Every structure is written in C-alpha cells, then in structure tokens.
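Subject: Structure handover

Hello,

Here is the structure for you to look over. My notes on it follow below.

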Amino acid sequence: TALGCYGYYKFSVEEELFRDELLREGRATGCGGYGTLFPFVFGGLLGATGEYVLHVPGSDALITVAGVWILGTQVNLYRRVNELCKQRFGEAPLHSWWALLPPPLGVGGGLRQGHFLARWWA
C-alpha cells in the first residue's frame, strides 16, 4: 500500500511538473510520470525476476540501477521545486540531499515538497 501511494504521488507530481515546464519554458528538466516510474518499476521487476526466479547472475544490478534512478529523480524533483519557489517566494524550502534519507525520515522532505509545490500552484 505504501509503495502504491508513493508511486501515485511520484507519478502525479512528475507529470504535472513536466507538463507545466513544457508550457512555460518549452522544455522539461524531468522525465514526467511515465519516464520516471517505468524505468524504476521495470528495472526492479526484471531484476527481481532474473535474480530470484530465473537465477541469472548479475540481475541484482538492475534492482540497484532502478533504486539509483528513483533516488536521482527525487533529488532532481527537489531541485526543480526549489527553483520554482525561489522565483515566487525568494527562498528554497528544500535541501536536495533530503531525498536520499531513508523512510521514514525522507517523508518529512516529501511532505514539505508537496506543501511548497501546492503553494506555488495556488
């Protein structure tokens, strides 16, 4: 359930920012919801299938790459939110390294990111 909620949040925020950046700037600095979650989900599924079902040597590397991908996109998301908030509010509310904190510590940064992004869109 928690992973599903995180996936929905991540997809929604990335997709909205992606579309907003395209409209405002004509370019996007993120991959959108699909480009963010598909590599993570498929990398994890393929890696887990290869490692635990088919016993293919090295398949665990796909799981690692998927994890690094989702963390990298979270750091990029915090950076993008900071840029938007600096433009409108004059302050950057997040530290990008907060995205690297393990659960439940990273939840605080995620909630703060959601709050400031909602303020920006309001």
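Which residues make the nonpolar surface patch of about 700 Å²? They are Tyr34, Phe38, Val41, Phe42, Leu45, Leu46 and Leu62. Patch residues have over 30% relative accessible area and no salt bridge, with like charges joined within 9 Å and nonpolar side chains (Val, Leu, Ile, Met, Phe, Trp, Tyr) within 5 Å. A salt bridge here is a side-chain nitrogen of Lys or Arg within 4 Å of a carboxyl oxygen of Asp or Glu. Accessible areas come from the Shrake-Rupley method with a 1.4 Å probe, and for residues only the protein chains shown count as cover.

Before going on, two notes on the source. This is a predicted model, in which local features need pLDDT of at least 70 and side-chain atom pairs count only at pLDDT 80 or more, while totals for chains, interfaces and linings use all residues. Residues are numbered from 1 along each chain as its sequence is written, and side-chain values use heavy atoms, leaving out hydrogens and water.

Back to the patch. Helix α2 (residues 32-53) gives the largest share of it, six residues. Helices (H or I, at least four residues) and strands (E, at least two) are DSSP runs, numbered from the N terminus. Leu46 sits in helix α2. Leu46 is exposed, with a relative accessible area of 55%. The cut-offs are: buried under 20% relative accessible area, exposed over 50%, partly exposed in between (1.4 Å probe, protein chains only).

Now the overall picture. The protein has four helices and zero strands. Along the sequence the pattern is α-α-α-α. The C-alpha trace spans about 50 × 30 × 25 Å along its principal axes. Of the 122 residues, 33% count as buried. The accessible surface comes to about 7,300 Å², and 69% of that belongs to carbon and sulfur atoms.

Next, helix α1 (residues 2-25). It has 24 residues and reaches 34 Å from its first C-alpha to its last, close to the 34 Å expected at 1.5 Å a residue. The expected span is 1.5 Å times one less than the number of residues. Buried residues of α1 include Gly7, Lys10, Val13, Glu14 and Leu17. Their cover includes α2, α3 (60-89) and α4 (105-121). An α-helix has 3.6 residues a turn, so residues three or four places apart point the same way. After α1 comes Gly26, with a positive phi near 80°.

Helix α3 has 30 residues and reaches 43 Å from first C-alpha to last, close to the 44 Å expected. Among its buried residues are Ala66, Ile70, Thr73, Leu77 and Val81. The buried residues of α3 pack against α1, α2 and α4. Gly90 follows α3, and its phi is positive too, near 80°.

Is Gln113 buried or exposed? Gln113 is buried, with a relative accessible area of 0%. Not counting residues up to four places away in sequence, Gln113 touches Tyr9, Val13, Leu77, Tyr78, Val81 and Leu94. Contact means heavy atoms within 4.5 Å.

Last, the cysteines. Cys5 is exposed, with a relative accessible area of 52%. Cys31 is partly exposed, at 39%.

Best wishes
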